[in-house]
Amino acid sequence: MFRSKRSGLVRRLWRSRVIPDRDGGDGSAAAAPRGDPMAERRGARLRAPGSAPESDGRTVTCCLFSEREPGGPQPPPAAGPDGAADGGSPERRGREARARLLLLEQELKAVTYSLLKRLKERSLDSLLEAVESRGGMPGGCVLVARTEVRLGGLAAPPHLLLGKLFRWPDLQHPAELKPLCECQSFGVADGPTVCCNPYHFSRLCGPESPPPPYSRLSPNDEQKPLDLSDSTLSYTETEATNSPNVTPGDFSDASTSPDAVKRSHWCNVAYWEHRTRVGRLYTVYEQSVSIFYDLPQGNGFCLGQLNLDNRSETVRRTRSKIGYGILLSKEPDGVWAYNRSEHPIFVNSPTLDIPNCRTLIVRKVMPGYSIKVFDYEKSCLLQHAAELDYADGPYDPNSVRISFAKGWGPCYSRQFITSCPCWLEILLSNNR
């Protein structure tokens, strides 16, 4: 029987959904390795970055039904002939549970097909490209009417449904999602349409308990390079002379184009391997910049093109984990970092630290999540506070540090950022 291309795209999207664990999946496990694209097209079920591993069960369930799954509350067992509760044999209970899950699976499939068939062929192509590349090629916006879909007696907006289906099985509320700055839904809270491309959204990091107290004062010699002067660029400038790879022309980018020079920049990015700066400063003029090792589509600061002799095995392994890297964006309320890679990143900045406290706060950001790494309003308050006098240790009010895959601080074996194999120093400009 003849089937249209749109129907084929819808089927491929359904086969590309996330397979959660039996407990519903928490969206925080490591991503599966990328498989053979041809196998994916033949129906192999993929796991998105940050999704839980595939279970041995054959039934896929949606977390909208978590309260109705076998692990959740169940109706009381029916009474037997003698009035006693009789849930039947384990085999019978298992068959009933599988039958319920099959019904839920069929309902989820029907609702998903109904939503996807509302999209035009070009939108389906863009959505499939984003899903199969796991965000490497995020594609364009996929706009649909902001009409909630009904699933299991619950209402859900379209972007929530597709976010759960393709990226985060445990996603519960649209407030957990943040549109990326390049998405048409960015800054539009209640428009008539909404983008439902799951890779145009990130998931917001929740609050964390502060780590144990840690004093910035340390006799360890490894901390000395972080002893900053009044200049924001002092860390990078003082260490650059010791770096063997700071000559321009190592890679091409748009930061030195004639048009870019006319505009004012909002940050400089320095890439470090332990205590050695690699490459030159990357100046950012656009609203957002991708910083990556290998990206199928797009431009920005490519760390994979930065060469350095005699790299250690630890650095090489960590560089291989950078992958799609991060998206750094300047937004009205501050600077945001979105983790596009398949491994955690670790972040520290003055506005993430606790005011008037010597506790170093290093936030772990899982794949697919984003965090406000620098808050402009909070920064102004901190810089005008009389208590902000760190005479006993380094302090830069406009610097953000991001480490790939390896954490540092009181909760980790690495106490200082210079012990991390691959990390970034984001030097923010005062021109906001």
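## Helices that cross

Helix H3 (residues 90-116) and helix H5 (residues 158-166) have axes that come within 11 Å and cross at roughly 120°. That angle makes H3 oblique to H5, and their crossing is left-handed. On the H3 side, the contact is made by Leu108, Val111, Thr112, Leu115 and Leu116, while H5 brings Pro158, Leu161, Leu162 and Leu165. Sorted by class, the contact of H3 with H5 has eight nonpolar residues, one polar residue and no charged ones. Please keep in mind as you look that this is a predicted model.

H3 also packs with helix H1 (residues 5-15), at an angle of about 135° and with the axes 10 Å apart. H1 and H3 are therefore oblique to each other, and the crossing of H1 and H3 is right-handed. Which residues meet here? Arg6, Val10, Arg11, Leu13 and Trp14 in H1 meet Glu105, Leu108, Lys109, Thr112, Tyr113 and Leu116 in H3. The contact of H1 with H3 divides into six nonpolar, one polar and four charged residues.

| Helix pair | Axes | Angle |
|---|---|---|
| H3 and H5 | within 11 Å | roughly 120° |
| H1 and H3 | 10 Å apart | about 135° |

## The sheet

Now turn to the strands. Seven of them form an open sheet in the order S4-S6-S15-S12-S11-S9-S10, with mixed pairing. Strand S4 (177-179) and strand S10 (300-302) stand at the edges with a single partner strand each, so one side of each has no neighbour in the sheet. From one strand to the next, the twist averages 30°.

Within this sheet, strand S11 (residues 326-331) and strand S12 (residues 334-339) run antiparallel and are joined by six bridges. Glutamate 331 stands opposite glycine 334 in S12. A helix packs on the sheet too: H9 (residues 376-383) touches S11, S12 and strand S15 (369-375). The direction of H9 makes about 35° with that of S15.

## How confident is the prediction?

The protein chain averages a pLDDT of 75, and 67% of the residues score at least 70. Over residues 22-74, pLDDT stays under 50, and the model has 122 contacts beyond four places in sequence for this stretch. Residues 209-254 also have a pLDDT below 50, with 98 contacts in the model beyond near neighbours in sequence.

Technical notes. Residues are numbered from 1 along each chain as its sequence is written. This is a predicted model: local features need pLDDT of at least 70, side-chain atom pairs count only at pLDDT 80 or more; totals for chains, interfaces and linings use all residues. Side-chain values use heavy atoms; hydrogens and water are left out. Two strands pair if DSSP finds at least two bridges between them. Helices (H or I, at least four residues) and strands (E, at least two) are DSSP runs, numbered from the N terminus. Axes are lines fitted to C-alpha atoms, for helices over the stretch in contact, and angles run from 0 to 180 degrees between N-to-C directions. Contact means heavy atoms within 4.5 Å. Angles under 35 degrees count as roughly parallel, over 145 as roughly antiparallel, 65 to 115 as roughly perpendicular and the rest as oblique. A crossing is left-handed if the near helix is turned anticlockwise from the far one by less than a right angle, and right-handed if clockwise. Ala, Val, Leu, Ile, Met, Phe, Trp, Tyr, Cys and Pro count as nonpolar, Asp, Glu, Lys and Arg as charged, and the others, Gly among them, as polar. pLDDT is the predictor's confidence in each residue, from 0 to 100.
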